[in-house]
Amino acid sequence: MELYTLTASEMHELLKTKKASSVEITNSVIGRIDDVDATIGSFLSSTFDSALDTAKTVDEKIARNEKIAPLAGIPMAVKDNMCTKGVKTTCASRMLENYIPMYDADVVAKLKKADVPILGKVNMDEFAMGSSTETSYFKKTRNPHNIERIPGGSSGGSAAAVCADEAVYALGSDTGGSIRQPSSHCGVVGLKPTYGVVSRFGLVAFASSLDQIGPITKNVADCAKVMDLIAGHDEKDSTSFNIDYPNYSANLIPDAKGLKIGVPREYMGKGISEDVSAVIKNVIKQYEDMGAIVEETSLPLTDYYLAAYYIIACAEASSNLARYDGIKYGYRTKDFSDLTDLYKKTRSEGFGDEVKRRIILGTYVLSSGYYDAYYKKAQQVRTIIRNGFSDELDKYDLLLTPVTPDVAFKFGEKSSDPITMYLEDICTVSINIAGVPAISVPCGVNRENLPIGVQLIGKHFGEPTLLRAAYAFEQSGFFTPQKPQIKSVKGSK
Amino acid sequence: MKTVITEEDVRYVANLAKLHVPDGQINALTKQMADIVALADKLSDVDTSGIEPTNHVIPVNNVFREDEVRPSYPRDEMLANAPMSSAGCYFVPYTFDE
């Protein structure tokens, strides 16, 4: 068994019992990246030297019999929209191709404080806008289960890296499904926490009222461990919640008995593929067998989710991305006649097509004469959607749905028509609109052996219940994810 | 409600957003924007009379702190990311006519 295949929990045991050192573990994962990343394409930049320095520090602490943090010495990857001091943070955009932050995102500072070796920054859709990682300015990331297919997005590099054992875990960000959808497509665990639970300080903003950072991991226990590290109040993020945060790992029990689970019927109907539908029905039966009480239920306005989501997300994006003007940092065009020309050329050359589309839509819905009809209307619909989730989550401990209508698609299959691509997020966007937490857990494969995930949705701050339900399912043995077979092309770089 | 999106509209909004749309792309972009706005138009079916808009999903209040002096980021490091700088300042084209 190669070290890189292990989970964070297993690695922590090896470190504690001195059966493996952090340097050995980190080198094993770096070797894996050298072997497979030419094929998979997860990483945009690597920081192996500093990762190994951190690993050495951890090994010295272990040698001195000091207690180490649960994730200390276990190497991971960070999505390239979280600021890393002195290391390029590009958002997979030409606009930020050479941007080197002078500070760490709060989550990155927490990783460093906990002696976590950071392997590098991973690919994503440009400014997190997309569902396939195809809008990255730099490169394609391939699904490790089938390299002809997309890994999902926007956190495609994070999910592919964890799936391919190129990182023990990764951080992603989720504005409308960007952690859960790639996790589902790659057969790994991904959690979008409650809005306000993880600091957004140093996360490059896309849609500020929807964005949230979260873990992508090999299993549920690791997911809880990462939450233990990254959740918490941060005074630098004014939307961060100042409450007592639970110990997520301590609450993990493999028991779903008595949990009340609602299955909104709108999510199981038209548009959901036959294979996904069949697998999710078996998952429901499994929960019943484990002693959960499962009922069919209903959520309001599901046909309007995408409309409300794209109006709100694009409006916020158009405002957030106004800062890229070629003055203080980022790309600047070479030839310009005056200041306006500088702005226009800089932004037109620096942003890709999908980002520009969303900025234009966002500007449109916020412009004079359309604000009430679109933006205010969407915010009102948001109230109805949020209340709908609150009502259902008063009745049930959690809701259960598919993560995506179908498995990972082929490159280019949906990129010509924006609406077709947006439909990929039909099951996930409402969770961000409501601000509740949701987790994607691997639960099966389709007839082509491609991963399928189930989405569990919880109450605000209901992560402990979500994690417990996910853990119980995983431990039941209903489904054991298989490692992908990736052909090594070592030395071809 | 069915909103008609014209090439003029797209050029007007792109200009507001300080984006340039090349002539060769305006046709395709207008069609895409029309499709997306048609999706957005669906919301007019929903009765929202008397419903308060949600700006934030969980009640968020202003967060205040004492206004105390703290160290700022080093100027040289900040300027290192600027496309052009000169004499410790950002370098920009003329902003006002002479």
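1. Let me start with a pair of helices: H11(A) and H12(A) are roughly perpendicular to each other (a label for angles of 65 to 115 degrees; under 35 would be roughly parallel, over 145 roughly antiparallel and the rest oblique). Their axes cross at roughly 105° and come within 7 Å, with H11 covering residues 353-366 of chain A. Axes here are lines fitted to C-alpha atoms, for helices over the stretch in contact, and angles run from 0 to 180 degrees between N-to-C directions. Helices (H or I, at least four residues) and strands (E, at least two) are DSSP runs, numbered from the N terminus. On the H11(A) side the contact (heavy atoms within 4.5 Å) uses A:Tyr364, A:Val365 and A:Leu366, and on the H12(A) side A:Tyr371, A:Tyr374 and A:Tyr375. These residues divide into six nonpolar, no polar and no charged. In this scheme Ala, Val, Leu, Ile, Met, Phe, Trp, Tyr, Cys and Pro count as nonpolar, Asp, Glu, Lys and Arg as charged, and the others, Gly among them, as polar.

2. A word on conventions. This is a predicted model, in which local features need pLDDT of at least 70 and side-chain atom pairs count only at pLDDT 80 or more, while totals for chains, interfaces and linings use all residues. Residues are numbered from 1 along each chain as its sequence is written, chains are lettered from A and ligands numbered from 1 in the order in which they are written, and side-chain values use heavy atoms, with hydrogens and water left out.

3. Now the sheet. Chain A has an open sheet of 11 strands with mixed pairing, in the order E1-E3-E2-E4-E6-E5-E10-E11-E9-E7-E8. Two strands pair if DSSP finds at least two bridges between them. At the edges are strand E1 (43-46) and strand E8 (293-297) of chain A, each pairing on one side only. Neighbouring strands are turned by 30° against each other on average, direction ignored.

4. One pairing in detail: strand E5 (residues 189-192) and strand E6 (residues 212-217) of chain A are antiparallel, joined over two bridges. Within E6(A), the residue opposite A:Gly190 is A:Ile216.

5. Back to H12. This helix (residues 371-395) of chain A lies across strand E7 (260-264), E8, strand E9 (398-402) and strand E11 (451-457) of chain A, and runs at about 115° to E9(A).

6. How do helix H2 (residues 22-40) and helix H3 (residues 48-63) of chain A pack? Their angle is about 160° and their axes are 8 Å apart, which makes H2(A) roughly antiparallel to H3(A). Among the residues in contact are A:Ile30 and A:Ile33 of H2(A) and A:Phe48 and A:Leu52 of H3(A). The contact residues divide into eight nonpolar, three polar and three charged.

7. A:Asp53 and A:Lys56 are separated by about one helical turn, because they are three residues apart in helix H3 of chain A. Over all chains the count comes to 26 salt bridges.

8. Next, the interface. 53 residues of chain B are in contact with 65 residues of chain A. The buried area is about 5,200 Å², of which carbon and sulfur atoms give 70%; this is the accessible area (1.4 Å probe) that two parts lose on being put together, summed over both. In chain B, the residues losing the most area to chain A are B:Leu43, B:Val57 and B:Asn81, together 14% of what that side buries. The two chains share one salt bridge, in which B:Arg70 meets A:Glu235 with the closest N and O atoms 3.8 Å apart.

9. Finally, some backbone spots to look at. Most residues other than glycine have a negative phi, and most peptide bonds are trans. A cis peptide bond joins A:Gly153 and A:Ser154, with omega about 10°. A:Ser154 lies in the loop between strand E3 (118-122) and helix H5 (156-163) of chain A. The loop between E3 and H5 of chain A also holds A:Thr133, whose phi is positive at about 65°. A:Lys18 has a positive phi too, near 60°, and sits in the loop between helix H1 (8-16) and H2 of chain A.

Notes: A salt bridge is a side-chain nitrogen of Lys or Arg within 4 Å of a carboxyl oxygen of Asp or Glu.
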